[in-house]
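Colleague: I would like to learn how to read a protein model. Could you take me through it, feature by feature?

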Amino acid sequence: MERDGLLTRTVFAEVPPRVEHELPPLGHSLRPVMEPISTWAAEHVDEILSLRKAHDARSADEFAG
């Protein structure tokens, strides 16, 4: 993302090391796209986690069986 200009990363030569990330203008331009995706994810997180758990259980059964 840094390479694509979507965020900037500043490393501080400190102990312990510290890194800061910021959105430049190009990164901020994605907000109108990302906000509805974030809202959708928050609304469906329980369903997604349940489906992941079911999938993992089926995969474990197939691997063991």
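Modeller: We go through strands, salt bridges, rings and surface in turn. This is a predicted model, where local features need pLDDT of at least 70, side-chain atom pairs count only at pLDDT 80 or more, and totals for chains, interfaces and linings use all residues. Residues are numbered from 1 along each chain as its sequence is written, and side-chain values use heavy atoms, with hydrogens and water left out.

Colleague: How many bridges join β1 to β2, and do the strands run parallel or antiparallel?

Modeller: Start with the terms. Helices (H or I, at least four residues) and strands (E, at least two) are DSSP runs, numbered from the N terminus. Two strands pair if DSSP finds at least two bridges between them. Here β1 and β2 are antiparallel, joined by five bridges. They form a hairpin, with five residues between them. Look at Thr8: its opposite residue is Glu22 in β2.

Colleague: Where is Pro16, and is it buried or exposed?

Modeller: Buried means under 20% relative accessible area, exposed means over 50%, and partly exposed lies in between (1.4 Å probe, protein chains only). Pro16 lies in the loop between β1 (8-12) and β2 (18-22). Its relative accessible area is 60%, so Pro16 is exposed. Now compare sequence with space. Pro16 and Met1 are 15 residues apart in sequence, and their C-alpha atoms are 24 Å apart.

Colleague: How many salt bridges does the rule give?

Modeller: The rule asks for a side-chain nitrogen of Lys or Arg within 4 Å of a carboxyl oxygen of Asp or Glu. The count is three. One joins Glu35 to Arg31, at 3.2 Å from N to O. These two are four residues apart in helix α2, so about one helical turn separates them. Glu35 is partly exposed at 44%, and Arg31 is partly exposed at 44%. Elsewhere, salt bridges with shared partners join Glu14, Arg18 and Glu20 into one network.

Colleague: What are the N to O distances from Arg18 to Glu14 and Glu20?

Modeller: The Arg18 to Glu14 salt bridge spans 3.1 Å. The Glu20 to Arg18 one spans 2.6 Å. Arg18 has 32% relative accessibility, so it counts as partly exposed. Glu14 is partly exposed at 36%, and so is Glu20 at 33%.

Colleague: Which ring does the charged end of Arg18 sit over?

Modeller: The test is that NZ of Lys or CZ of Arg is within 6 Å of the ring centre and within 35 degrees of the ring normal. The charged end of Arg18 passes it over the ring of Phe12, 3.8 Å from the centre.

Colleague: How many aromatic pairs are found in the whole structure?

Modeller: A pair of aromatic rings is described by the distance of the centres and the angle of the planes. Rings of Phe, Tyr and Trp (its six-membered ring) pair if their centres lie within 6.5 Å; planes under 30 degrees apart are stacked, over 60 edge-to-face, the rest tilted. The search finds zero.

Colleague: Which helix holds Val33, and how exposed is it?

Modeller: Val33 is in helix α2 (residues 31-64). Its relative accessibility is 47%, so Val33 counts as partly exposed. Ile48 is in helix α2. At 28%, Ile48 counts as partly exposed.
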